[in-house]
Amino acid sequence: MEKKLRYLEKRLRSFPREPLSLAPTPCHRLNSLSQIYGVEVYCKRDDLTGFGFGGNKTRKLEFLIGEAREHGCDTLVTSGGIQSNFCRLTAAAGAATGMTVHLVLGGRRPKEATGNLLLNEMLGAQIYYVDSTDWNALEAESERIARELKGKGRKVFRIPIGGSVPVGIAGYVSAFIEVLEDEIRLKKSFDHIIHASGSGGTQAGLVVGKDMTGWKGSITGISVAMERGSLERKVFELAMETATLLGGRVSRKSVLVDDNFLGAGYAIKTDRAEKAIELFARKEGIFLDHVYTGKAASALLEWLSRGNLDGQRILFLHTGGQVELFARG
Ligand SMILES: Cc1ncc(COP(=O)(O)O)c(C=O)c1O
């Protein structure tokens, strides 16, 4: 494992990277939950990546902005939902590195900007609204705006939804290596990593880290956006492309998705997630959001209460998203 790990670290170092995050993020035991369920539960706090209100997307942006700067770009264009965390962090990354940011957001312009939208405005991003929640429609408009800006002489770096392209996903391969370092520091090994999976990039990065180092544990992505088959296919495709970029391979068996906690769809609240959010707040003093981490935690809690995780040491990856708690409407 040591040799494979050094090889992977070397490959990751060969990519340009903008140091945005304050990683390593904390990794600690959830004492109350561990006591309630009689299972060791730890939390990797990627809500505390320390830049632009934190969250998993900072890690992807370190590599994406590194590439944009290497190509001499001066403009970033990306798209997402109206409360997209990725768009907020792209706006922050652009602000911090002197690039103009254009965001294509799905939905109607609200009377009052709250949550991530308020932060996008504070960060000085140029915002366009598309009255659709269809990701393909958002990508098409973002592509059109990118072309228009190029026509005006801007050096544009366009990023697909969620930054889920191999270069961005390298950020989560690097996060996986950080988890291995957490295991050494804590003198504990984890059997299972559980986290929210949306566009699939975070999970793809973790899977590449697992398969390229030979880590023996399991990784389960809790789907917050699509049914299991589609997300598993997407994660596997992204993981294969990223592994190829890094000179490695991944196995289809390493991609595990559970879509039972999605409810009626992306960004639609579920009762189970509400309960998980309340439990994390009241027992651990940790805030989760309704769109991503609340749904992932609802899976964790249900599996714990059913005894599905007995005898395992669990790592819950907190991917951030709490700004949504301050969004209205
Ligand atoms: C807070 C939060 N958690 C999890 C995810 C899912 O990450 P991915 O799109 O890489 O699957 C996102 C994506 O936007 C997010 O904002």
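The sections below treat the basis of the model, the overall fold, the domains, the nonpolar core and the ligand shell.

## Basis of the model

The model is predicted; local features require pLDDT of at least 70 and side-chain atom pairs count only at pLDDT 80 or more, while totals for chains, interfaces and linings use all residues. Residue numbers start from 1 along each chain as its sequence is written.

## Overall fold

The chain contains 11 helices and 10 strands, taken as DSSP runs numbered from the N terminus (helices H or I, at least four residues; strands E, at least two). The chain is as compact as a globular protein of 329 residues, because its radius of gyration is 19 Å, close to the 20 Å of the globule rule. That radius is taken over C-alpha atoms, and the rule is 2.2 Å times the number of residues to the power 0.38. Along its principal axes, the C-alpha trace spans about 60 × 45 × 35 Å.

Of the 329 residues, 51% count as buried (20 or more other C-beta atoms within 10 Å of the residue's own, with C-beta atoms placed from the backbone). Among contacts with a separation of 6 or more, 78% join residues 24 or more positions apart; a contact requires C-beta atoms, placed from the backbone, within 7 Å.

## Domains and their contact

The chain is divided into domain 1 (2–55 + 165–326) and domain 2 (57–162), with bounds from an automatic or database domain assignment. Their centres, taken over C-alpha atoms, are separated by 24 Å. Domain 1 contributes 31 residues to the contact and domain 2 contributes 29 residues. On the side of domain 1 that touches domain 2, helix α7 (residues 166–186) supplies the largest share, 8 residues. This side comprises 15 nonpolar, 13 polar and 3 charged residues. Here Ala, Val, Leu, Ile, Met, Phe, Trp, Tyr, Cys and Pro count as nonpolar, Asp, Glu, Lys and Arg as charged, and the others, Gly among them, as polar.

## Nonpolar core

The largest nonpolar core has 94 residues, of which Val207, Val208, Val235, Ala239, Leu300 and Phe316 touch the most other members. Both domain 1 and domain 2 provide at least three residues of this core. Such a core joins buried Ala, Val, Leu, Ile, Met, Phe, Trp, Tyr and Cys residues through C-beta atoms within 7 Å. Leaving aside residues up to four places away in sequence, Ala239 touches Ala204, Val207, Val208, Val250 and Val255.

## Ligand shell

The ligand is surrounded by 19 residues, the closest being Asn85, Gly198, Ser199, Thr319 and Gly321; a residue is near if its C-beta atom, placed from the backbone, lies within 6 Å. The shell divides into 15 polar, 3 nonpolar and 1 charged residues.

At least two shell residues come from each of α4 (85–97), β7 (192–197) and α8 (201–213), and α8 gives the largest share, 3 residues. Domain 1 and domain 2 each supply at least three residues of the shell.

Conventions: Buried ≥ 20, exposed ≤ 12 C-beta atoms within 10 Å, placed from the backbone. Contact = placed C-beta atoms within 7 Å.
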